[in-house]
Amino acid sequence: MNIYYCTFGCKVNQYETENIRQAMSGLGFSETDSPALADICVINTCTVTSSADKKLRQTVHSIKKSNPNAVIALMGCFPQAFRDAAFSLSEADIIIGASNKTKMPQYIQSYLSNRQKIRDIEPHTANEQFENMRNFISEGRTRANVKIEDGCDCYCTYCIIPYARGHVRSKPLSEIKQEIEQLARNGYKEIVLVGINLLCYGKDLNGVRLIDAIETACSVEGISRVRLSSLEPELISDDDIARMAALPKLCPQFHLSLQSGCDKTLKAMNRKYLTSEYELLVRKLRSAFPNCAVTTDIMVGFAGETEEDFLRSVEFAKRIGFAKVHIFPYSVRQGTVAAKMPNQVTKSEKMRRAKILEEAVRADRQAFLQSQTGLTEEVLFEKDDNCDFHHGYTKNYTPVRIPKKSTDASLRWQELSVRITGAEDDFCTGELV
Ligand code: SF4
């Protein structure tokens, strides 16, 4: 039987889908990339914005329309946070939450044998344990996500994630090591440590911290790069920076979630730092990691954000000079504190602000790419099929491409020295040294 997998949202979701994929493949199921040819469609949901919910509904409806006999299995954040709304999706045969995803293979088999609809959403509990998952392969061959943390206890006022993901829980260091060792034996060179609030790693593990997990990952032979997914700025100490700087395998790319460059808005969001503290942290990271890339997320149009607050945010973003900014219009999530706040910003105004911010930070992206010109960097090549270039990434996640001759052997999965010769559009160009 063929399964089509559809993953919405973050790297944690990608990791979890991969885990189901491996389990189903072990049970003899094969995979298709076409929902129309699938016997079963597994959809790993995201509910971070209302547009993610909308996309999910559209996907379910369109699969059912094109393939009425397909079994539809939903899991993850959307059913966990909005149980009734998920249960109202009558096309779904199996619906489970975010804390019992490893049960999906068994539920699929059960549904195939008796065609009884399955609904199983376990509420999160205070002493919930890390759901035991290990992946030894990943989509693509160069980079593998390793989920080491789940949950968040921060309750930013706009965010539904703590309700969808529950409390912080962490994978023990010994298991992280074993998983990465196996990934290295399977040929992976780069791993990305992923979590819902990565810097909370170890909160439930008696004094263990993210830096311990990073050092563990870097200690694995065969792995040449360890990358971190998004980080919350308030939890990085000077000691963390000093220990990180001593790890040559750690990729100097820091995605520090900003959300707003205005202190009044940060306070309303229940973010736990001031812009001045954020700026100081960026300065420390840039001094410890020369040529690091600092990237971020910024939300526009949060409830109560005035034009003046917004312009302050734009000005702050310009002052930092991010290598890349992901811009999100604020999305009201029912059940969060911010959903009930007064002075909500209209949709058209959010769009206007998103456009202004996008324009404002575009030049900083270009300046970052231009600043790489003349440097010689190790590039891990990822793809060169059906195109005129070899594509790869430097350690600071600069996309690099070098022209490919028809006689060239593939460079995929190799890490090679490249002299960066220029920047075009959203990538750098280079030549092999
Ligand atoms: S830190 Fe804030 S934004 Fe990030 S997952 Fe937790 S509650 Fe959501």
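Guide: In this predicted model, the charged end of lysine 147 sits over the ring of phenylalanine 130, 5.2 Å from the ring's centre. Arginine 401 lies over the face of phenylalanine 389, at 3.8 Å from the ring centre.

Visitor: How many aromatic pairs does a search of the whole structure find?

Guide: The search gives 9 aromatic pairs. For one of them, phenylalanine 302 and tyrosine 330, the ring centres are 5.0 Å apart and the planes meet at 70 degrees; planes over 60 degrees apart count as edge-to-face, so this pair is edge-to-face.

Visitor: Where in the chain do phenylalanine 302 and tyrosine 330 lie?

Guide: Phenylalanine 302 is in the loop between β13 (293–300) and α12 (307–320), and tyrosine 330 is in the loop between β14 (324–329) and α13 (347–371). The two are 28 residues apart, and the pair links distant parts of the chain.

Visitor: Is phenylalanine 302 buried or exposed?

Guide: Buried means under 20% relative accessible area. Phenylalanine 302 has 0%, so it is buried. Tyrosine 330, with 3%, is buried too.

Visitor: Which residues do ring pairs link into a cluster?

Guide: The cluster consists of Tyr273, Tyr278, Phe316 and Phe322.

Visitor: How should a helix be read?

Guide: An α-helix has 3.6 residues a turn, so residues three or four places apart point the same way. Helix α1 covers residues 11–26; at 1.5 Å a residue, its 16 residues should span 22 Å, and the end C-alpha atoms are 23 Å apart, which agrees. Among the buried residues of α1 are Val12, Glu16, Ile20 and Met24.

Visitor: What follows α1?

Guide: Glycine 28 follows, and its phi is positive, near 95 degrees.

Key. Residues numbered from 1 in each chain as written. Predicted model: local features only at pLDDT ≥ 70, side-chain atom pairs only at ≥ 80, totals over all residues. Heavy atoms only, no water. Helix = DSSP H or I, 4+ residues; strand = E, 2+ residues; numbered from the N terminus. Expected span 1.5 Å × (residues − 1). Buried < 20%, exposed > 50% of the residue type's maximum accessible area, 1.4 Å probe, protein only. Phe/Tyr/Trp six-rings, centres within 6.5 Å; stacked < 30°, edge-to-face > 60°. Lys NZ or Arg CZ within 6 Å of the ring centre and 35° of its normal.
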